[in-house]
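Please look over the sequence and the model before reading on.

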Amino acid sequence: ALGWSGTRGDRLKIAVDNTVADPFSIHWHGIILPNGQDGVPYVTQPPIKPGERRLYDFPLVQAGTYWMHSHFGLQEQSMLTAPLIIREPTAAPAMKEVVVMLNDFTTRDPSAILADLRRGSKAGMKTAMTPDLTDVRYDALLANRRPLSDPDLARVTPGETVRLRIINMTSGSNVFLSTGRLAAEAIAVDGEDI
């Protein structure tokens, strides 16, 4: 998915078609919405079956940087994820925005990783007493689904102010961000302005 953007005060009206071979669901991460549209399978709604269409319609009551992801099985680890940007209707004049989605990536099947964790296996994991998701070794950290060896570049003009919308979509990795010599200021955390 490429993502979606809207404006606080509007409604999200979207049709989601399941074109994959398995059921899936869409969880609107961090979004305040009617419980029946939250996308937690068998809890707030049934999963979307292959070939099925699910309609979503809810008010956008907040603004910020969020994301959507499948909440079905291990599909989030397979990067069935996308950004969700909700802007303020009275926002200052637009500055250049760059959305950066961070994912940890492995060539291993997520179900095999989970099976190893359940068995307490250390294979392919960091040393730990009782393995958990933070013990999984990933092959790469991706930014916009690309590795550091082949980065996604954003062209900017020297001196231009850029808003980085950084979304940590990792399954179990902690990420440290640095802008190096460039001046930076946090203006929002967890989707909310600070």
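Strands β7 and β9 pair in the parallel sense over seven bridges. Strands here are DSSP runs of E with at least two residues, helices are runs of H or I with at least four residues, and both are numbered from the N terminus. Two strands count as paired if DSSP finds at least two bridges between them. Within this pairing, L102 stands opposite N168 in β9.

The model is predicted: local features need pLDDT of at least 70, side-chain atom pairs count only at pLDDT 80 or more, and totals for chains, interfaces and linings use all residues. Residues are numbered from 1 along each chain as its sequence is written, and side-chain values use heavy atoms, with hydrogens and water left out.

Buried means under 20% relative accessible area, exposed means over 50%, and partly exposed lies in between (1.4 Å probe, protein chains only).

Which strand gives the most to the lining of the largest pocket? It is β9, with seven residues. The largest pocket has a volume of about 1800 Å³. A pocket is an open set of points on a 1 Å grid over the protein atoms alone, where a 1.4 Å probe fits, with protein on both sides within 12 Å along at least five of seven lines; lining residues have an atom within 4 Å of a point. The volume is the space filled by probe spheres set on the points, which are joined across faces, edges and corners.

The lining of the largest pocket has 48 residues, and V100, L164, R165, I166 and L177 lie nearest the centre. The elements that give two or more residues to this lining are β5 (64–69), β7 (96–105), β8 (140–143), β9 (162–168) and β10 (188–189). By type, the lining divides into 31 nonpolar, ten polar and seven charged residues. Ala, Val, Leu, Ile, Met, Phe, Trp, Tyr, Cys and Pro count as nonpolar, Asp, Glu, Lys and Arg as charged, and the others, Gly among them, as polar.

**Salt bridges**

Side chains of opposite charge can pair when their charged atoms come close. The structure holds eight salt bridges, each a side-chain nitrogen of Lys or Arg within 4 Å of a carboxyl oxygen of Asp or Glu. R87, E97 and R165 are linked in a network of them. The table lists others.

| Pair | N to O distance |
|---|---|
| R53 and D17 | 2.6 Å |
| D150 and R146 | 2.9 Å |
| E52 and R54 | 3.7 Å |

R53 lies in strand β4 (residues 53–59) and D17 in strand β2 (residues 11–17), so their bridge ties together parts 36 residues apart in sequence. R53 is exposed at 51% relative accessibility, while D17 is partly exposed at 37%. E52 is partly exposed at 26%, whereas R54 is buried at 12%. D150 is partly exposed at 41%, and R146 is partly exposed at 31%.

**Helix α1**

Which residues of helix α1 (residues 110–119) are buried? They are P110, I113, D116 and L117. Seen down the axis of α1, these fall within an arc of 120 degrees, so they line one face of the helix. The arc is that of the directions from the helix axis to the C-beta atoms. On the other side of α1, R118 and R119 are exposed. Just after α1, G120 takes a positive phi of about 80 degrees.
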